[in-house]
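Thanks for coming, everyone. Please have the sequence and the structure open while I talk.

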Amino acid sequence: MNIGIIGLGLMGGSFSKALKKYSICDKVYGYARTPKTIEKILELDLVDRLLPLDELKKECDIIVLAIPVDSIIGLMDDLKDIDDKTTIIDMGSTKEIIVKNIPQEIRKNFVAAHPMTGTEKFGPEAAIDYLYEGKAVVLCDLEENDELHKQRAIDIFQQIGMRIIYMNSKDHDIHACYMSHLPHAISYSLANTVMNHEDPRSIIALAAGGFKDMSRIAKSSPDMWTDIFRQNRNNLLKSIDLFEENMKDVRQMIEKEDYKSLKEWMKKANTLHEIL
């Protein structure tokens, strides 16, 4: 079995490493467009060979889409002519709009997946070992897939050490918003708040663990996260409304010097980590 990966950054490059580590396929092929990216992929030896898209489609039993969510949709027309036995797996962070844009000709082939893992880094040099082991992957709307393609996706993710969660795409986007998309929006907001108020010397001198932890994901790719925010716009707006309500509550408690209520509010927040 040959597997082709379109998009060899953090997610795709790390996936290739996992496929090779566990000897899941005969060959791992890749596709990239820009000369700089191609050069870096070859330098890091992330795949056995880079192929043009048409050749990749012919040579591979499974094609993995590890590219930004808007790019996944943009690639759909180029994949409509794949063989019935070719499986497509996407790794996008949103699911509902992607699923709605899958051409009917390949809907049974297309497995909508979201590995719940990552770092703030991007590009081929961000690829690392052990990104996937022990993490969860959400597989959405599997009832629309042929058994062959569904089982291939399940087998591969299990073989690289992932825990599988089944969910419909609409519910996925709601939950992913609160667990991932809203935290990114907050982190970007925190970084810009500090940048607009503090001078660089103060940031360097006083930034400690708490600030670094909160602002770390603000280093994530703006191109990728603009696409995610656009595709999950409605859920994100609702989550921001709820977050703003909580910020209003804490502001009022501090203004009124109601520190007893503030302490109880913090204790309630502590229980999240007991669940986690």
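**A buried loop residue, then the sheet and its helices**

Let's start with Ala127. Ala127 is buried, because its relative accessible area is 12%, and buried means under 20%. Keep in mind that this is a predicted model.

Where does Ala127 sit? Ala127 is in the loop between E6 and E7. Now look across to Gly13. Ala127 and Gly13 lie 114 residues apart in sequence. In space, their C-alpha atoms are 4.8 Å apart. What else does Ala127 touch, once neighbours within four places in sequence are set aside? The contacts are Gly9, Leu10, Gly13, Ser14, Lys17 and Leu46.

Step back to the whole chain. The protein chain has 276 residues, and 44% of them count as buried. There are 13 helices and 8 strands. The C-alpha trace spans about 65 × 45 × 30 Å along its principal axes. Now take the contacts between residues at least 6 apart in sequence. Of those, 71% join residues at least 24 apart.

Now zoom in on E7, residues 136-140. Is E7 mostly covered or mostly open? Mostly covered: 5 of its 5 residues are buried. Ala136, Val138 and Cys140 point one way from E7. Val137 and Leu139 point the other way. Both sets are buried.

E7 has a partner on each side. Take E6 to begin with, residues 110-115. E6 and E7 pair in the antiparallel sense over 4 bridges. Ala113 stands opposite Leu139 in E7. Ala112 stands opposite Cys140. Then there is E8. E7 and E8 pair in the parallel sense, over 5 bridges. Here Ala136 has Arg163 in E8 as its bridge partner.

On to helix H8, residues 169-197.

H11 covers residues 222-231. H8 and H11 pack at an angle of about 125 degrees, with axes 11 Å apart. That angle makes H8 oblique to H11. The crossing of H8 past H11 is left-handed. Which residues meet? From H8, we have Ser180, His181, His184, Ala185 and Tyr188. From H11, we have Pro222, Trp225, Ile228 and Phe229. By class, that contact has 6 nonpolar residues, 3 polar and no charged.

H12 covers residues 233-255. H8 and H12 pack at about 65 degrees, with axes 9 Å apart. This crossing is right-handed. On the H8 side are Asp173, Ile174, Cys177, Tyr178, His181, Leu182, Ala185 and Ile186. On the H12 side are Asn235, Leu236, Lys238, Ser239, Ile240, Leu242 and Phe243. The contact of H8 with H12 divides into 10 nonpolar, 3 polar and 2 charged residues. Look again at His181 and Ala185. They are among the H8 residues that meet H11, and they are among those that meet H12.

One more residue: Lys57. Lys57 sits in helix H3, residues 53-59. Is Lys57 buried or exposed? Lys57 is buried, because its relative accessible area is 11%, and the cut-off for buried is under 20%. What does Lys57 touch, not counting residues up to four places away in sequence? The answer is Ile63, Asp78, Leu79, Asp81, Ile82 and Thr86.

To close, go back to the start. Ala127 is in the E6 to E7 loop, and Ala127 touches residues including Gly13 and Leu46.

Note on methods. Residues numbered from 1 in each chain as written. Predicted model: local features only at pLDDT ≥ 70, side-chain atom pairs only at ≥ 80, totals over all residues. Heavy atoms only, no water. Axes fitted to C-alpha atoms, helices over the stretch in contact; angles between N-to-C directions. Helix = DSSP H or I, 4+ residues; strand = E, 2+ residues; numbered from the N terminus. Parallel < 35°, antiparallel > 145°, perpendicular 65-115°, else oblique. Left-handed = near helix turned anticlockwise from the far one by under 90°. Contact = heavy atoms within 4.5 Å. Nonpolar A, V, L, I, M, F, W, Y, C, P; charged D, E, K, R; others polar. Pairing = 2+ DSSP bridges. Buried < 20%, exposed > 50% of the residue type's maximum accessible area, 1.4 Å probe, protein only.
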